[in-house]
Amino acid sequence: MLNLDEHERNALTLNSYEGPAKSLIYIGGCGRSGTTIIGFCIGNASETIDLGEVIDYARRCGKPIRFKEYPESREFWQAVTKRLQESPDWIGLTQFAKLQRRLDTHASFLPLLLVPFVLRPLGLVKYRKALKQFYEAIFAASNHSFYIDSSKYPSRLLHLSEIFDDNQLLAIYLIRDPAAVISSFRSTAGQTPKRPAAAILYYVTINSFFNLLFFIRRNIRSIAVRYEQFISQPESFLDRLSKIVPIDVEPAVNRIRAELPLTRGFLMTSNRMGQKWEVVLRKSKSGPTETLPVKSLAIRLLRRVFM
């Protein structure tokens, strides 16, 4: 069970940030938990850029969503691809995608965390070297200081913790009320819906993986955020963030308070919200979802364990 206060104390204890000019903020958690809107908020702070779900770069062959409609995003990712292609020891997109499918999935997470040596014959060292080159190419493609990756996967965060210095990476772990997540998965929203039993299994798996990762890898700087608290007090969350990494959040806070649109970044992929050029965040005071798609006993148990 995650203790949120202890989780944040860990991040603050590790914060002696004198570090490099380029840093990564990784947003992890279940799908349908609000990672997109958190990315939008942070991406409107100074010197930050929201990249959406970077993990889809290989699957999409380097082409971001709505490739033709957003020239700034297209040019950014073309610059990333060009830099990789010019690197003499780059393994190539085909091989990179193949290794990602093998070593950067939910199924690979436990072996990666507990017995990584068994994956070395499958290309683990090669994949992490390529992953480091990939993020270095991202950092070189613009003059921002902070890059936001909302790929969500616990396996990707585990890899990142191996290739980045401790003070160059911050993980934001987003946890949402299970009833809301399960209800959201019942809606197609352009994607294949999940039955309640499958959604519960997914919710338990992903949140258990993140809890286990932070328990074993205590060197990972991280903050845990409840979606319901974030959506009711986004300014408070941004203030917490600014105490851990040196980000000027005032521009984002001012836009939220004035209910002005938040602009998108150079998103590789995202949900329907992320495909809009601007999003207005309207704060909500609603509590946990009580119209439950499954027996309330299961929901109460999930809340007790994970929230």
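A residue counts as buried under 20% relative accessible area, as exposed over 50%, and as partly exposed in between. Glutamate 75, at 49% relative accessibility, is therefore partly exposed. The model described here is predicted. Its protein chain has 13 helices and seven strands. Of the 307 residues in that chain, 52% count as buried.

**Overall fold**

- Take the contacts in the protein chain between residues at least 6 apart in sequence: 80% of them join residues at least 24 apart.
- Glutamate 75 itself sits in helix H3, which covers residues 71-86.
- Isoleucine 256 and asparagine 44 give another pair: they are 212 residues apart along the chain, with 9.7 Å between their C-alpha atoms.

**Helices H6 and H7**

- Helix H6 spans residues 124-140 and helix H7 spans residues 154-163.
- Their axes lie 10 Å apart, and the packing angle is about 80 degrees.
- An angle of 65 to 115 degrees counts as roughly perpendicular, and H6 and H7 are therefore roughly perpendicular to each other.
- H6 contributes Leu124, Tyr127, Arg128, Leu131, Lys132, Phe134 and Tyr135 to the contact.
- H7 contributes Arg156, Leu158, His159, Leu160, Glu162 and Ile163.
- By class, the contact of H6 with H7 holds eight nonpolar residues, one polar residue and four charged residues.
- H7 is mostly covered, with nine of its 10 residues buried.
- Those buried residues are Pro154, Ser155, Arg156, Leu157, Leu158, His159, Leu160, Ser161 and Ile163.

**Helices H11 and H12**

- Helix H11 (residues 234-242) and helix H12 (residues 250-257) have axes that come within 10 Å and cross at roughly 175 degrees.
- Angles over 145 degrees count as roughly antiparallel, so H11 is roughly antiparallel to H12.
- On the H11 side, the contact is made by Pro234, Glu235 and Leu238.
- On the H12 side, it is made by Ala252, Val253, Ile256 and Arg257.
- Five residues of the contact of H11 with H12 are nonpolar, none is polar and two are charged.

**Isoleucine 256**

- Isoleucine 256 belongs to helix H12.
- Its relative accessible area is 3%, so isoleucine 256 is buried.
- Setting aside residues up to four places away in sequence, isoleucine 256 touches Cys41, Pro234, Glu235, Leu238, Leu262 and Leu281.

**Helix H9**

- Helix H9 covers residues 196-216 and has 21 residues.
- From first C-alpha to last, H9 reaches 30 Å, close to the 30 Å expected at 1.5 Å a residue.
- Buried in H9 are Ala199, Ile200, Tyr202, Tyr203, Ile206, Asn207, Phe209, Phe210, Asn211, Leu213 and Phe214.
- An α-helix has 3.6 residues a turn, so residues three or four places apart point the same way.

**Serine 150 in strand E3**

- Serine 150 lies in strand E3, which runs over residues 146-152.
- With a relative accessible area of 5%, serine 150 is buried.
- Beyond its neighbours within four places in sequence, serine 150 is in contact with Ile27, Thr35, Gly52 and Glu53.

**Cysteines**

- The structure holds zero disulfides.
- A disulfide is a covalent bond between the sulfur atoms of two cysteines.
- Cysteine 30 is buried, at a relative accessible area of 1%.
- Cysteine 41 also counts as buried, at 0% relative accessibility.
- Cys41 is one of the residues that isoleucine 256 touches.

**Positive phi values**

- Most residues other than glycine have a negative phi.
- Arginine 32 has a positive phi, near 65 degrees.
- Arginine 32 is found in the loop between strand E1 (23-29) and helix H2 (35-43).
- Glutamate 47 also has a positive phi, near 60 degrees.
- The loop that holds glutamate 47 lies between H2 and strand E2 (48-50).

Notes
Residues are numbered from 1 along each chain as its sequence is written. This is a predicted model: local features need pLDDT of at least 70, side-chain atom pairs count only at pLDDT 80 or more; totals for chains, interfaces and linings use all residues. Side-chain values use heavy atoms; hydrogens and water are left out. Axes are lines fitted to C-alpha atoms, for helices over the stretch in contact, and angles run from 0 to 180 degrees between N-to-C directions. Helices (H or I, at least four residues) and strands (E, at least two) are DSSP runs, numbered from the N terminus. Angles under 35 degrees count as roughly parallel, over 145 as roughly antiparallel, 65 to 115 as roughly perpendicular and the rest as oblique. Contact means heavy atoms within 4.5 Å. Ala, Val, Leu, Ile, Met, Phe, Trp, Tyr, Cys and Pro count as nonpolar, Asp, Glu, Lys and Arg as charged, and the others, Gly among them, as polar. A disulfide is a pair of cysteine sulfur atoms within 2.5 Å. Buried means under 20% relative accessible area, exposed over 50%, partly exposed in between (1.4 Å probe, protein chains only). The expected span of a helix is 1.5 Å times one less than its number of residues.
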